[in-house]
Amino acid sequence: MAMRSPIATAIAIGVGVIVLLGYLFPLPLLDPLRTLFLDWAIILAAVAGLVAILNLFRVHWQKLSAPRNRDYYSLFFILGFVPTLALGLLYGSGDARIQPLITAIQLPIEASLVGLLTITFAISAVRLMATRRSWISGLFLASTIIFLLAGSGIFLSDTAPSFLRNTLGALNFLPGAGARGILLGIALGSLLTGLRVLLGIDRPYSE
Amino acid sequence: MDTVICPQCGSVNPSENERCQWCLAPLHPVQDSGQEPFSVDLPDWLKDIEAPSPPPESTEEELPDWLLALRQEGESTSLEEPLQPESEPEGFLAPDLEGFLSLGKEKKETPIVPSSPPEPSESETFPSWVNQSEGLTHAPSAFEAVPTSQPEEGLPDWLKALREKEELLEGGTPIESGEESTPPTLAGVPPTLEVEKSPEWLTDLPSASTEDKGFEISEAALEEQEPESSAVNRAESLEGEPSAAVVPPFTEIPEDLTAWYEEEPVLFPEEQPPLTSTPPLSTDEETLSVESLDAEGEREEFPLGTPPFSEEEYAAWLDQLNLEETLIEEEVPPQVPAFIEEAPTETTLMSEGAVPPFIESELPQWLAETPTDESVEAAVAPTAELPEWLEAMRPVEAVAPLPAQESEEDARIETSGPLAGYQGVLPGEPEALRYSRPPVHAVRLNVSEKQRAYVALLESLVSAESAPISLRVQKPISTTSPVLRLAITLLLAAVLLLGLTSGTPISGLPSLFPAEAVAFATTANTLASVHPAPRVLVGVEVDAGFLPEIRTASVNVLSDLMRQNARLVFITTQSNASVLAITLAQQAAQQVPEYALSEQSLHLGYLAGEATGLAAFAHQPTIAVTTTWDGQVASNALPLLGITGLQDFDAILLVTDSGERARAWLEQVRPLFPERPLLIIASAQAAPYLAPYMQSGQVTGLISGLVGSMMYTRLTQKAGGENPALWSAYQMGSLTIALLILLGGLGSTLRAAFPASKTTSRR
Amino acid sequence: MISFLSVMALVIILFSVGLLLFLSLRAKRRPRWGLRPLTAFSDLSRAIGLSVEEGTRLHLTLGNAGLTQPHSASALVGLQALERITAVSSISDRPPLATSGEGSLALLSQSTLRATYRLNNALDLYDPNRGRLTGVTPLSYIAGAIPIAYDEDVSAHLMIGHYGSEIGLLCEAATRNKAFTLAASDSLEAQAVLFAAAQQPLIGEELFAAPAYLQTGPAHLASVRVQDILRWGVIAALVLSALMGVLGWL
Amino acid sequence: MTDALWTLVAFLLTLAVLSYAIGDNPLFRIAIYTFVGVSAGYLAVVLIDHILIPKLIAPLGNSGASWGIVAIPWLLSLLLLARLVPRLSFLGTLPLAFLVGVGSAVIISGALFGTLFGQIQAAGLSFSPPQRESIGWIGGLILLFGTITTLLYFQFTARRTPGKPVTRPPWVEVAAKIGQAFIAITLGAFFAGVIQTSLTVLITRLDFILQFLKTLLP
C-alpha cells in the first residue's frame with residue numbers, strides 16, 4: 001500500500017484536518033473554510049452520484065446489447081430510467097406531472113418490498129433456533145416475542161391484566177442499555193476509522 | 001567409505017549424512033569449511049559481537065540434551081564435554097579432526113608424519129606470522145628428526161621461536177589496539193585472510209605444546225607461574241604441571257603484556273573458547289606420537305561406534321591439553337590483538353552452535369553444583385570470568401585424583417605397551433581406589449519467563465502438528481424449504497385478510513397511553529398558545545416504502561397543526577421524500593378546507609448532503625436553502641418571513657422511518673434548537689432507537705407506528721379517525737408471528753433434544 | 001468560541017492518534033496481545049477459499065451511506081474488507097463484485113478494486129463494472145442487488161456497510177441460493193434483522209474490527225487495540241457521568 | 001382517468017412484487033428493474049435541479065462570486081466526470097480524496113459530539129432527579145450496568161498466551177456474557193419493531209389490493 005497517490009493522500013489529510021478543526025474551533029478563519037469545503041463536498045457527492053448513475057445505465061445497456069447471455073430485464077431499467085430523466089429535465093423535479101412516478105411506481109413497489117420483509121422476518125425467526133442454536137438466539141427470540149406482544153397494543157386496554165401491563169412497561173427501558181452500549185461502541189469504531197483516514201492509513205481513493 | 005565416524009561421539013553414520021545422527025555434530029567439515037570461508041562468516045560474527053547474548057531458542061533446544069548426557073553418561077560424559085567444542089566451529093576445527101582420523105590410520109604404515117596427507121593443507125593454512133616464526137615452521141622438522149624421546153633438541157628451536165615472537169612483540173604496538181598490531185605479523189596479508197587464518201593459528205598451538213610434551217617439568221615452575229596467571233590459568237595448572245615448562249619465557253614478557261593480563265581479566269573467558277574449540281587431538285603432525293596411538297587404541301579397543309574415549313586416552317589428552325593451554329599463554333603476547341578480535345566471535349559461535357551448556361547464563365548453576373573441593377575452589381574464578389571450557393572440564397576434575405597425588409602418578413613412567421616411555425598417561429590401580437564419587441550435577445534449569453513462553457509455544461506448535469486439521473469444508477447452507485415458506489406466507493396472508501375483512505380487533509382500542517404519546521398530543525395541539533400562527537419546521541425523512549405505516553398519523557398531526565393556522569415549512573434530506581411531503585400536506589389540507597396550503601406552507605424540498613447539509617441548514621437556514629421546491633426564492637415566502645435562524649421556529653416536527661435519520665436531526669439540529677419542542681412521528685422500527693433520546697429529554701413527544709397512530713387518534717378524539725380493520729389485522733398478525741416464532745423455537749429445540757436423548761439412552 | 005467539549009474532543013483525538021501510531025509501529029513486532037477468536041471471520045476465510053477453488057463469486061455490499069455522512073465509517077470499513085478480499089481472491093475465475101447504494105461509494109469501490117489489482121500486478125483483470133451502483137434509494141439498492149444473488153453464481157455475500165431493515169431481502173435471496181452470508185452494519189435495525197437472517201452476523205462494533213481480523217495490516221490491529229483502550233475511558237466516563245447525575249450536576 | 005391508470009399501475013406492480021413471496025419470477029424482475037430505473041432517473045433529476053444548477057452553474061452568472069471559489073468545484077467536478085472514461089479514471093482520485101477527507105472529519109465529529117458525549121451525558125441524566133422518577137434508581141443502575149457490560153462484550157484484544165487461544169480475563173468474560181444478554185434483548189426489541197413496521201406496511205398493501213378489487217366489483 002505504500003507510495004499510493006501521495007498527492008491525493010495529502011489532499012485528504014489536509015482537507016480532513018481543516019474541516020475537523022473547523023468543527024472543534026469555529027474560529028473566524030476555520031469556520032468559513034469548513035463551510036466552503038462542506039459545500040464543495042456536497043457538489044462533488046452529487047457529481048459522483050451522477051457519474052455512478054451513468055455507470056449504472058452503461059452496465060444495463062451493455063447487458064442488453066451483449067452478444068451472449070443478454071439480460072432482457074435491463075430493458076425495463078432503461079424504460080424506467082430514460083423517460084423519468086427526460087420528463088424530469090423537461091418539467092423539473094417538483095412538477096406535478098412527475099409526482100406519479102413516485103406515488104404510483106416507487107411507493108407501491110417499495111411498500112410491497114417492505115411487506116415482503118414480514119414474511120422474510122417471520123421465516124428467519126422461525127428457523128433461527130434451527131440454524132444457530134444458542135442461548136443468545138433463544139434470548140433474542142424471547143425478547144422478540146415479548147416486544148411483539150407489547151407493541152401489538154393488546155395490553156393497552158383496560159381489559160388486559162394489570163400485572164402483564166406493568167411487567168411489559170417495566171421491560172420497556174431494558175433495550176435502552178444495550179442500544180446505548182452498541183451506539184457507544186460504534187462511535188468508538190467510527191472515530192478510529194476516521195482517524196485512520198486522517199492519518200493516511202486507509203486510502204480508499206487511491207488507484 | 002559408506003560410513004563415517006562422528007568426530008564428536010564416535011558413532012557410525014552413513015557417509016551421506018551431513019551431521020551425526022546421534023549428536024548432530026558435522027560429519028563432513030572439510031567441505032563445509034571449504035564452502036564457507038571465514039570471510040563470509042565475518043559479518044555474522046560482527047553482528048554477534050554487537051549482540052553477544054545467545055538467542056533463547058538455541059538454549060532451549062540444546063540444554064535438555066546436555067543435561068541428559070550429564071545424567072546418563074556420567075563420567076564418560078564428563079570426559080566428552082571438553083571435546084564437544086571440537087565439532088562446533090566447523091570452519092577450522094573440523095579439518096583437524098578429519099586429519100586426525102586419517103593420521104590415526106596412516107600411522108600404521110608410516111610413522112613419518114610429514115608425508116601424511118593433511119600436512120600441506122595444514123601448512124598452507126598457517127597464518128603468515130606463524131610461517132615467519134622459525135619455531136613453528138621448524139617444529140615439524142624437529143619432530144621428524146627427533147622422536148619424542150629426545151626432547152632436549154626440540155627445546156632450543158622452540159625457545160628460538162618464542163624469542164622471535166617476543167622480539168616481534170617488543171617492536172609491536174599496544175596490545176589493546178589489536179587491529180594495528182596485526183599488520184606487522186601479517187605483512188602483506190589482506191584482513192580477510194587474517195580472519196580466515198587466525199583460527200588455524202589456534203589449532204596450531206597444540207602442535208607446539210605436544211612437541212614439548214616429552215619434557216621433564218619441575219613442579220616448582222608451577223608455583224612461579226601461578227601468581228602471574230589468572231584464576232583460569234591456575235585452574236588449568238592444577239591439571240597440567242607441564243605449563244611450568246613455559247615459565248621462563250614469561251619472565252621475559254614485557255610489562256605491558258602482564259598489564260594486559262591484569263587489565264583484561266574478562267578476556268580470559270572469552271579467550272578460552274578458541275582454546276576449548278581447539279581440538280586436543282588436533283591433526284598437527286607433531287601430535288602424532290600421542291594422537292595416533294590414541295586413535296590406534298581406539299581402533300583396537302573400541303569397535304567403531306563406541307565412544308572413543310578411554311581413561312588412558314583421557315589422561316594423555318588431558319596432559320596434552322594442559323600443555324596446549326600453557327603454551328598458548330606463551331603465544332598470546334604477540335598475538336594478543338588477533339586474540340582479542342577473535343575471542344568474542346568464538347564465544348558467540350559456541351553460544352549459537354551445538355554446545356549450549358557453555359553459555360554464560362548457565363554458569364551460576366554450574367558453580368552452585370561444583371564439588372567443594374578445596375583445590376577446585378581455589379581454582380574457581382569469579383563467575384563472570386570462569387571460562388566455559390573449564391566448566392566443561394569440571395566433572396573430569398571431580399573424578400580425577402587429587403593434585404598432590406596426581407603429581408606422584410605423573411612420576412610413573414610406562415614401561416610397556418604402546419605408551420612405553422610416557423609418564424602419567426595411564427592412571428594406576430591406587431588411583432582407582434582414590435576415586436571420589438562424581439559430583440551430582442543439578443538438573444534444575446534456570447529458565448526465564450520468556451524461555452518458558454518459547455517452550456510453551458514450541459509445544460503448542462508440535463501439538464498443532466499432530467492435531468487433525470479441519471478440512472476446508474463449509475457448513476452446508478440450510479435453505480428454507482419452499483413448503484415452509486409457502487405455508488407461512490399463506491398463513492400470514494389468511495390471518496391478515498381475515499383481520500382486514502372482519503375488522504374486529506382482539507382487544508379493544510387503546511385506552512392506556514404512554515407518557516411520550518401524551519406529551520406529543522398535548523404539545524402538538526397547544527402550539528397556538530405559544531404563537532397565533534406557530535411556525536413549524538417539518539422534516540420528512542422517510543422512504544416511500546415505509547410511509548404507509550405512518551401516513552395516517554402524519555396526516556392527522558399535520559391537519560391538527562393546520563387547524564392552529566400553523567405555518568409549515570417542509571424540508572427533507574431524501575431525494576424522493578419531497579414528493580411524499582407534498583402528498584402528506586395535500587391529504588392533511590383536505591381535512592382542513594380553510595387552510596391555504598400554497599400560502600401558509602412552504603416546501604424547501606431536497607436538502608443535499610444529508611447530515612452535513614442538515615448541519616449547514618441548522619446553522620444558517622436562509623443561506624443553506626435559497627430556493628423552494630418549485631424554484632421560487634425562499635426568503636420571499638410567507639412562512640419564512642421573520643425567520644433568520646432555527647430558533648425562530650416554534651416547533652420542529654420530524655416524520656421519519658429510521659432511528660439513524662432521527663439521530664441526525666437530534667445531533668445536528670437539536671443542539672441549536674434546545675428549548676422549543678421537538679416532536680417525532682416515527683416508524684415502529686425506530687421507536688427502540690429513540691427511547692434513550694426520549695428519556696434524556698432531547699425528544700419532547702413521540703408517537704410510533706400504527707399503535708402511535710391509534711393513540712394519537714384516541715387522544716385527540718378524532719371522530720372516525722380509527723381504522724378498526726387495520727388495527728385488528730395488525731393485532732392478529734402480530735400474535736400470529738409471535739406464535740410462529742415460539743413454535744419454531746420450541747420445535748427446533750425439541751428436535752435437537754430428541755436425538756440427543758436417544759443417543760444417551762443407547763449409551 | 002472554544003467550548004470545553006471541543007477541547008476534550010481534541011484531547012481524545014490527539015491521544016488516539018498518538019496511541020494508534022505508537023501501536024502501529026510496535027505491532028510490526030509480535031505484540032503481547034492478540035485478537036479473541038470470532039467464528040464469523042474463520043467461516044469467512046473458509047468461504048473465500050471455497051469460492052476461489054470453486055470459481056464462484058464473492059459479493060460485497062457496501063451499503064448506501066454517503067461519504068459525507070457520519071455513518072459512512074461502516075462503508076470505509078467495507079472498502080478495507082473489499083481490498084483485502086480482492087487481494088486474496090483476485091486469481092479467482094470470478095473476481096469479487098462490490099455493489100453500493102450511493103454514487104461516491106460506488107466510485108470508491110472501483111478505485112479500491114483497481115488499486116488492489118494494480119498492486120497484485122493483475123491490472124488486466126480489473127473490470128470497473130465490478131464496482132457497481134445497483135440502486136440510489138435504500139430499497140432500490142437492495143432490489144437491484146437481489147438479481148446478482150440469483151444470476152452471478154455468488155457463493156458468499158459479505159455485507160459490510162450501512163443499511164436499513166431492507167437488507168433482510170438480500171439475506172433471504174442469498175439463503176435461497178445456498179450462499180454464505182456474513183453481515184455487519186452500524187444500523188441497529190439492520191443488526192436486528194441480520195442477527196436473525198444472516199448466517200454469520202457481526203454485532204455492533206465487531207464491524208469495525210473486520211479489517212484487523214482480515215489481517216489487512218498492523219495499523220488495523222493497532223486500531224482495534226486503541227478502540228479497546230478507549231473503551232475503558234468511556235466506561236470511566238459513564239460512571240463519572242452517573243455520579244454527576246446523582247449529585248445533580250448534569 | 002389518469003388517476004385510475006396510475007392506480008392500476010400501482011396495483012399491478014404491487015402484485016408483481018408480492019409474487020416474490022412464492023419465488024423469483026419474471027414479474028418481480030420486471031417490477032424491480034423498472035423501480036431501479038425510475039428511482040435512478042429521478043435522483044439524477046433531483047441532483048441536477050437541486051445541487052448542480054444552484055451550486056455549480058448559477059455561480060457562473062454571479063459576478064460577485066470569486067473565481068477561485070467557483071473554479072475549484074468546477075475543476076474537481078470535471079476531474080470526477082473523467083471517471084466515465086476508463087483511460088482517464090485516475091483523474092478522479094483527487095476529488096474522491098477530497099470527499100473522503102471531508103467525510104473523515106464528519107465521521108470523527110459525529111462520533112464525538114453526536115454519540116459519545118451525548119450518550120455519556122444521557123447515561124448520567126437517567127440518575128438526575130427529573131428522570132429518576134420515570135425508571136427509578138434500580139432502573140438507572142440496570143441501564144448503566146447494561147451499557148458497561150455491553151461495551152465490555154466488544155473487548156477484542158487480550159493478552160496472548162503461547163499455545164492457548166486469546167481469551168479475556170475471566171471477570172471480563174463474565175461481564176461480556178451479561179453484555180451479550182443485554183444485546184440480545186435489545187436486538188430482539190428492534191426486531192420486533194421491524195416486524196411490526198413491515199407488518200403494518202404489508203397490511204396497507206393488502207388493504208390497497210382489497211380496495212382496488214372492490215372498485216372493480218359492480
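**Sheets and interfaces of the model**

Modeller: Val538(B) stands opposite Leu653(B), which lies in strand 6 of chain B. The model is predicted, so to speak of local features requires pLDDT of at least 70 and side-chain atom pairs count only at pLDDT 80 or more, while totals for chains, interfaces and linings use all residues. Residues are numbered from 1 along each chain as its sequence is written, chains are lettered from A and ligands numbered from 1 in the order in which they are written, and side-chain values use heavy atoms, with hydrogens and water left out.

Colleague: How many bridges join strand 3 of chain B to strand 6 of chain B?

Modeller: Strands are DSSP runs of E with at least two residues, helices are runs of H or I with at least four, and both are numbered from the N terminus. Two strands pair if DSSP finds at least two bridges between them. Strand 3 (residues 535-541) and strand 6 (residues 651-656) of chain B run parallel, and the number of bridges joining them is six.

Colleague: Which strands of chain B stand at the edges of the sheet?

Modeller: The sheet is open, with six strands in the order 5-4-3-6-7-8 and parallel pairing. Each edge strand has a single partner strand, so one side of each is left without a neighbour in the sheet; these are strand 5 (601-606) and strand 8 (701-704) of chain B.

Colleague: What is the order of the strands in the open sheet of chain C?

Modeller: Strand 4 (131-133) and strand 7 (200-202) of chain C each have a single partner strand, so one side of each lacks a neighbour in the sheet. The pairing of the six strands is parallel, and their order is 4-3-2-5-6-7.

Colleague: Which residue stands opposite Thr61(C) in strand 3 of chain C?

Modeller: Strand 2 (residues 57-63) and strand 3 (residues 97-100) of chain C run parallel and are joined by three bridges. The residue opposite Thr61(C) is Thr99(C).

Colleague: What area do chain B and chain A bury between them?

Modeller: Contact means heavy atoms within 4.5 Å, and 54 residues of chain B are in contact with 42 residues of chain A. Buried area is the accessible area (1.4 Å probe) that two parts lose on being put together, summed over both. Of the area between these chains, 72% is on carbon and sulfur atoms, and the total is about 4,000 Å².

Colleague: Which three residues supply 14% of the area that chain B buries against chain A?

Modeller: These residues supply more than any other three, and they are Leu512(B), Val579(B) and Ile741(B).
The interface has zero salt bridges by the rule (a side-chain nitrogen of Lys or Arg within 4 Å of a carboxyl oxygen of Asp or Glu).

Colleague: Which side chains meet in a salt bridge at 3.5 Å, N to O?

Modeller: Chain A and chain D bury about 9,200 Å² between them, 83% of it on carbon and sulfur atoms. The rule finds two salt bridges across this interface. One of them joins Arg83(D) and Glu207(A).

Colleague: Which helix of chain A gives the most to the side that touches chain D?

Modeller: Among the helices that each supply at least two residues to that side are helix 1 (6-24), helix 2 (30-64) and helix 4 (99-131) of chain A. The greatest contribution is 23 residues, from helix 2 of chain A.
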